[in-house]
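Hello,

Here is the structure I promised to pass on. Please open it first, then read my notes below.

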Amino acid sequence: MSITIQRRQSGCQIRLLHVDDDPAFADLTATYLGRESDQFTIETATCPANAFETFDLTAFDCIVSDFDMPGQNGIEFLRTVRAQYPDLPFILYTGKGSEDVASDAISAGVTEYLQKGRSTEQYALLANRIRNVVSKFHAEAQVDQVESQLRDLTEATSDLLWMFSSDWEELLYVNSAYEDIWGYAVDDLFDDPRSFLERIHPADRNDVEEAMISASEGKPIDIEYRVTPAERTQRWVWVQATPIVDSSGTVRRIAGFGRDITERKHREQDAARTAIVLETVVDELSTGVLVEDAGREIIAANDALCNLFDVPVSCGELVGRDCARAAAELRGLFADSDGFIDRIEELLDRREPVHGERIQLADGRTLERDYIPYTLPGGAANLWLYRDMMDSSTGDEQH
């Protein structure tokens, strides 16, 4: 397993395990290292077996081991350590140096190889080597930890996260959401970074390629397009991307995300089809139809309504206007103009359906009105229906 140490930083305590079959030399080494720096906390073991039995090696920042020891030599001990702790710094500190020993140590994964010497300067060299390998170990462990956390974060989202080189020729990162959305393996994309284009709907591919060129030139991407995965199920994807530039303004990388918006697109398409059908039906009605939202903005009106009230604009021009102001502009059409306006306000306050209410116009016509309050996805709305009570063909009032 890998070691991750978070608690120590450069300049703080370094816990060292020294393995040597000569207790006197181990004590001497501890003494001289202590003189070199008060950073070191040193534990000793007289053989590798004793080291494993006595200590939890994850508690140490570095192991310093002799080579020539009974039972198991330093390289055999190193191989045992590496099998469980592949990253833990290990310094082979031996009095029996040779090219063969050094070569075997390197092959086994030694961090540093240092021969013992008679001079006290050798301990200063050993202390320096320990500090260097531990500092590097801590830095790499911190990087590994951050990368692990980032991987956990990016894999926890269903959004596609990715990063390409500025020319789109090298894929620097992508999370597994690519496989869910595109239906192809991440490894295939690393092998051929532009292969994702092959899965894009042919009608959308040119737009995507143009967006990629724009991003390489330093412009952000915001685009929706269709993807056809291997199972032949079409998906819609929303993609945003941002060019990453250096201090000179040169685009170095392009990072972005993609989100599966298939369900939203299907809802929009269904709503659009429904709206077309409703618009067609409403336009064909002889009944005047007016729909306003909670803010009294007109969101729908048909030609029959404009004809009933002789509105001087088309029904399309009514959409977006303030309904209260539009009603005030038409108040002269009603026999009781003030009563007409007051009644509208009363109905809006009560928000209770009313059917078949009679309204007298100044020109003698009688209209029948229905008021139906209801709720749209965006909030409250009001439906008004107006019918002329006179049959145009007979001139008789309908009952």
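Seven names to look up together: Trp162, Phe164, Trp168, Tyr178, Trp182, Phe196 and Tyr225 form a cluster joined by ring pairs. Rings of Phe, Tyr and Trp (its six-membered ring) pair if their centres lie within 6.5 Å; planes under 30 degrees apart count as stacked, over 60 as edge-to-face and the rest as tilted.

A word on the source. This is a predicted model: local features need pLDDT of at least 70, side-chain atom pairs count only at pLDDT 80 or more, and totals for chains, interfaces and linings use all residues. Residues are numbered from 1 along each chain as its sequence is written, and side-chain values use heavy atoms, with hydrogens and water left out.

The whole structure holds 17 aromatic pairs. Trp238 and Phe257 are edge-to-face, because their planes stand at 80° with ring centres 5.3 Å apart. This pair links distant parts of the chain: Trp238 is in strand β9 (residues 235–245) and Phe257 in strand β10 (residues 251–260), 19 residues apart. Strands here are DSSP runs (E, at least two residues), numbered from the N terminus.

Phe257 is buried, at 18% relative accessible area. Buried means under 20%, exposed over 50%, partly exposed in between (1.4 Å probe, protein chains only). Phe334 and Phe340 are stacked, 3.6 Å centre to centre with 15° between the planes. Both are buried.

Two charges sit over rings (NZ of Lys or CZ of Arg within 6 Å of the ring centre and within 35 degrees of the ring normal). Arg15 has its charged end over Phe60, 4.6 Å from the ring centre. Lys265 lies over the face of Trp236, at 4.5 Å.

Best wishes

Conventions
Helices (H or I, at least four residues) and strands (E, at least two) are DSSP runs, numbered from the N terminus.
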